[in-house]
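Reader: Could you walk me through the labels used for this model? I would like to see each one set against its definition.

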Amino acid sequence: MIQGVSTFIHVGQIHVDSAPSAISTVLGSCVSVCLYDPHLRIGGMNHYLLPFWNANGLQTPKFGNIAIPKLIEAMMSRGAKPKTMEAKIFGGASMNIGGSEAMLIGQKNILVAREILKEYRIGIIAEDVGGENGRKIQFDLERGKVLLKYASRSELTCKG
């Protein structure tokens, strides 16, 4: 992993920073969208649990349809433009093996990321999504690269 300053984000958090910092998280069925502007060398990451806020309770970044636009807005407030941003998507594992189709939260989290990024016309240049393994990721804002390590269920701190 990257040496130096790295900010760890939990479910429902969004963080935008500039090089040479790094941002990291641990994912199960949750998804993180990583945005990077190579011209400004700034990047941001979110970590959401569920695909859609259903108008019940608080409108928080625990939901993909809230977290992704807020991440884009945070990047734009630092000078980035959607046409210069690159996206990478991680997570969305199927952590409920044998669960019903309605429980496919990971797949729904992946779909909402792809659809919202498409609406903003932000290209997805890399993704590692789905499957049955969790992931530990670290976003290196110096190079715009994401380091990934698969994690077993016992290693995950995110139950989402």
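Author: Gladly; below we take the labels one at a time. This is a predicted model, where local features need pLDDT of at least 70 and side-chain atom pairs count only at pLDDT 80 or more, while totals for chains, interfaces and linings use all residues. Residues are numbered from 1 along each chain as its sequence is written, and side-chain values use heavy atoms, with hydrogens and water left out.

Reader: Why is A55 called exposed?

Author: Exposed means over 50% relative accessible area, buried under 20%, and partly exposed in between, with a 1.4 Å probe and protein chains only. A55 has 54% relative accessibility, so A55 counts as exposed. The residue A55 also has a positive phi of about 75° although it is not a glycine, and its place is in the loop between β5 (42-46) and α1 (64-77).

Reader: What makes R121 count as exposed?

Author: Its relative accessibility is 76%, and therefore R121 counts as exposed. R121 lies in the loop between α2 (105-119) and β7 (123-129). As for the element names, helices (H or I, at least four residues) and strands (E, at least two) are DSSP runs, numbered from the N terminus.

Reader: What makes strand β4 mostly covered?

Author: Seven of the seven residues in β4 (residues 31-37) are buried. On one side these are V31, V33, L35 and D37, and on the other S32, C34 and Y36, so both faces are covered by the definition of buried.

Reader: How do you know that β4 pairs with β6?

Author: Two strands pair if DSSP finds at least two bridges between them. Six bridges join β4 to β6 (residues 86-91), and the two run antiparallel, so they pair by that definition. Within this pair, V33 stands opposite I89 in β6.

Reader: Why are β1 and β9 called edge strands?

Author: Four strands form an open sheet in the order β1-β3-β8-β9, with mixed pairing. β1 (6-8) and β9 (145-151) each pair on one side only, and these are the edge strands. Inside this sheet, six bridges join β3 to β8 (residues 134-140) in the antiparallel sense, and L27 stands opposite R135 in β8.
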